[in-house]
Amino acid sequence: MPQDTRVSLASDLKSAQIAKPPLQPAASQALPYTIHDYSSYSANFLPEKIKQNSPQDQSSRWASGSHNQLQFITLKLDRISIVHTITFGKFHKVHVCNLKEFKVYGGLTPNSMFELLHGGLRNDTEPETFSLKFKANGVYFPCQYIKIAPLLAWGANFNFSIWFVELRGISQSEPADQAYAEYMNYRENEVVRLCLKHFRQRNQLEIFESIQRRTKIKLEDPLLTDLHRHLVVNGDFAAAEDVIQDASQRSLFQDWIRRSVSSNGCKPVWKRIQPATGEGCPSSRGGHQMCIDAECGRIYLFGGWDGSKDLADFWVYDRTSLRWRCISPDTRRQGGPGPRSCHKVCIDTRNKIIYTLGRYIDTDHRPIMNLDADFWKYDVSQDKWTKISEDTTQEGGPDLIFDHQMVIEESTQVIYVFGGRRVQAGQDANQSVFSGLYAYNIRDNRWSLLREDTTPADHAVQMKSRVGHSMLLSPETRELYIFAGQRSKDYLSDFYVYNIESDTVHEVSRDYSKKGGPNPGYTQRATIDQELGELYVMSGLMKDKMTSNEQLRNTFWIYNIKLDTWTRVYHNDSNPDEEYWERMADKEPRPRFAHQLVYDWTQKVQYMFGGNPGLSTNPGLRLNDFWALSLQRPRNEDILRHARFFIRKQKFREMCVSRTHSPQQLLHYLQNDLSEVVDHADPHESKSFRELTSWLFMWNTFKGPGGTPLFGFSDSATAGGHPAGHPSAQANNFGAGGMVAMGTDSGNLPNDIYSFRTELYSRLIEYFPEEMREPKQSLVDLVPII
């Protein structure tokens, strides 16, 4: 088996945000409840039986009287609480009535509840704990009622069974009452804001101002209030553009730029980095390790497997000179570590120290090899290797492991190591023993075990160890993001967050492939941009959703942490034609696994080196190509120009119908003021601009005072309710990266100029962060249809 593979090649509540409880986890406790309501039950399988955990008792469960999706059971908590988790117990044997799919709802009343979880149980005997949503719009969400709605049992056409349910959270009066008060205050404020939005949109400004004056509640950020006053109320288009300019200078459009990824507003650009003639570069390999000092612009590469042997060479790539330099052809000559692959490295950029841990040893060689878990550091400034530990096992750390993950928290000087397979003498080649979650305190030279690879005894969320996974650190929130990998023969697509400060695990997703994310995968590589709030994933070996067959392909994904959304921005299918990849050698990388990826957050560039192309005809082949990946997104200046285009289009239309400007003045404004904010190279935007000329020909058809309203049209000038020759409604695409313009040309202008300006205002504020804007909902939409 190749040494770098290590695999068997066979809107009230928005999207969940990664939130912390208001109290430390010690305050989280079991929440007493009673059975409030249920849909049905069978025989003596009464709903009350879910309160007892008796896995050996066949009758200790609630069983529904039907298998339709109208079944439910509602629990009433003894008091209003912040509910963190729900745990399902199971029978001591697998059972066809276990819930393969279910939903959990919560609320303050049984008639007004929101979805807190959509999940499913494994058909085994182990209890399972799930995190529930307990925060929305920055406000903790208290509950007194929890409703469980079964959707599907493991056995077709079998009724549903729930054996045991435990709820955990915070019920202490002070935090729970505080959360309740804040939540009710939030709802009251939102009601007022919806009223404010409703009256302002309908030009009932006296009512709007009266409500705002009496409640002291603001509808939006003052900057947007200024934009509305200039644009909608006063029609001062120049002042409106000044507000947009101010917003651009304050970088307020960055949130929209991030959100534009999901609307194909992000274009991947690959560039192969070739060494200059006569200059060296790392040889072909997989299972190597890389780390980056982004501020210094240096990438370090150590070790790997070249298809026949482990390597011990050590390289650095300089972003400024665009050159590789070999620090050492064999680190043993510097008193450093020996050859290795499937190890891990991390860099302390503050102190310029690189750490490395772990290595793979083939099962055939383990009886004659040293299996001590050595631990090393390299001082960049002094060009010196130091062995920190002969064997971390003897110091309370992990055994010798491979295909684990390792990150460093520089502010606390703590290294975190999670997962990987343990290498032990006499170990069965088919046996997989996984390592847990460890922390190494650099200052104290001390290891500590944070999580074992076992089911938690306290029904906490279980984060199973694995290999070939990803683990990233968010220094600002002090969280570890852990996802994907392989557990025995299972390829995973789960996602967990470990909170360092509170020592708690939160399950973001049991299977993100069902939420539009990547297929279950192994050897994928991931990076993080803390500034943008995004994770990046370059896939490796994956399981096809339909066939469960293993696939080798390159796909690049972006995960938005705040929105909990996945977006695929690059896709490269495996192609068996070698001639094809030879032709594409300098255009895009061929599919691979066991590669490495690092991210330069200062330049927003990903760097990828080497890997295994997975050729069955040449299993020893490894790659040494080096690539840079940039993501072209809409720029701040693009958004500024588009906003000006929208504003000037509105001004031009009003100039056309006001009859205060001559045709020559209108043409001058169109050819100069409007034209300068148009990207004429964009066919869609250019077409939209050209179609505005139709308004010039309609100038003499508009009636003035005493005739039809200002925005009305004479019968002879209309066709189907539109000015003759006026462009019909159509979506327009603008800008770099496929930016989609908000709104359409709507044809006949409405009679109320205020309404049309309000529509433009609604388009423009989409560029601003959501927390600055008026509520998305409409007061009218909340009225039910009877």
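A crossing of two helices is termed left-handed if the near helix is turned anticlockwise from the far one by less than a right angle, and right-handed if clockwise. The structure is a predicted model, in which local features need pLDDT of at least 70 and side-chain atom pairs count only at pLDDT 80 or more, whereas totals for chains, interfaces and linings use all residues. Residues are numbered from 1 along each chain as its sequence is written, and side-chain values use heavy atoms, with hydrogens and water left out.

Helices (DSSP runs of H or I, at least four residues) and strands (runs of E, at least two) are numbered from the N terminus. In a right-handed crossing, α3 passes α11; the contact (heavy atoms within 4.5 Å) involves Leu224, Leu227, His228, Leu231, Val232 and Val233 of α3 together with Tyr754, Arg757, Thr758, Leu760, Tyr761 and Leu764 of α11. The axes of α3 (residues 222–233) and α11 (residues 753–764) lie 9 Å apart at an angle of about 145 degrees, where axes are lines fitted to C-alpha atoms over the stretch in contact and angles run from 0 to 180 degrees between N-to-C directions.

Phenylalanine 626 belongs to strand β41 (residues 623–632) and is buried (under 20% relative accessible area, 1.4 Å probe, protein chains only), its relative accessible area being 3%. When residues up to four places away in sequence are not counted, phenylalanine 626 touches Lys271, Arg272, Ile273, Ile299, Tyr317, Trp324, Tyr607, Met608 and Phe609. Between the C-alpha atoms of phenylalanine 626 and phenylalanine 609, which are 17 residues apart along the chain, the separation is 4.6 Å.

Note on methods
Buried means under 20% relative accessible area, exposed over 50%, partly exposed in between (1.4 Å probe, protein chains only).
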